[in-house]
Amino acid sequence: MKKSIFLLLILTSLSVFSQNSNYKVSSYLTDGTKAPNTHYIGEAWLNAIIHDDEELGYNITKATFKANSTLNWHKHGTAQVLIIVDGEAYYQEKGTAPVILKKGDVIKCEKDIEHWHSSTKFSDVTYLALYGGGQPTSWTEVVTQEYYDEVAEKLKGN
């Protein structure tokens with residue numbers, strides 16, 4: 001019994017001393033900062049989880065949009081993957097019909113494909129966006145409230 005207690009104390013001591021306080025730990029659970037209304041309508045928060053990391057070569061951003069909010073049409077110099085972690089979103093690529101994305105859905109938009117995505121009319125959305133570093137987003141056209149409302153009406157009930 002004494003040997004077991006002694007061994008337990010040694011193992012506990014080793015685990016305490018093995019902790020490295022030099023790690024940079026962040027969380028995707030934080031909301032981030034409120035985004036300026038530059039390329040969207042509504043309310044949005046952005047959390048740059050990994051940004052401009054030269055070694056990795058890609059970014060991960062958590063975005064949260066309140067219901068009835070939308071990004072403008074845009075494209076990226078690399079492919080972009082959206083992972084819907086909560087709520088519902090509208091997504092559309094130029095020349096195709098819009099769709100609703102729901103919690104758990106993953107969609108890939110190829111490089112230089114013009115698209116837009118947003119929360120739905122009545123649901124907030126939170127997603128992780130994964131995309132290459134180095135090239136900024138190219139904003140191409142405004143998604144008007146009228147167009148957004150047409151999409152919402154068209155997809156109502158889906």
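This report describes aromatic ring contacts in a predicted model.

## Basis

Residues are numbered from 1 along each chain as its sequence is written, and side-chain values use heavy atoms, without hydrogens or water. Because the model is predicted, local features need pLDDT of at least 70 and side-chain atom pairs count only at pLDDT 80 or more, while totals for chains, interfaces and linings use all residues.

## Aromatic pairs

Six aromatic pairs are found in a search of the whole structure. Rings of Phe, Tyr and Trp (its six-membered ring) pair if their centres lie within 6.5 Å; planes under 30 degrees apart count as stacked, over 60 as edge-to-face and the rest as tilted.

Y40 and F65 make an edge-to-face pair, with 5.8 Å centre to centre and 85 degrees between the planes. Y40 is in strand β2 (residues 40-41) and F65 in strand β4 (residues 58-65), so this pair ties together parts 25 residues apart in sequence. Strands (E, at least two residues) and helices (H or I, at least four) are DSSP runs, numbered from the N terminus. Y40 counts as buried at 8% relative accessibility, and F65 counts as buried at 2%. Buried means under 20% relative accessible area (1.4 Å probe, protein chains only), exposed over 50%, and partly exposed in between.

## The cluster

One aromatic cluster is formed by W73, Y90, W116, Y147 and Y148. Both Y90 and Y148 are buried.

## Charges over rings

The charged end of K94 sits over the ring of W73, 4.2 Å from its centre. K34 lies over the face of W45, at 5.7 Å from the ring centre. For such a contact, NZ of Lys or CZ of Arg is within 6 Å of the ring centre and within 35 degrees of the ring normal.
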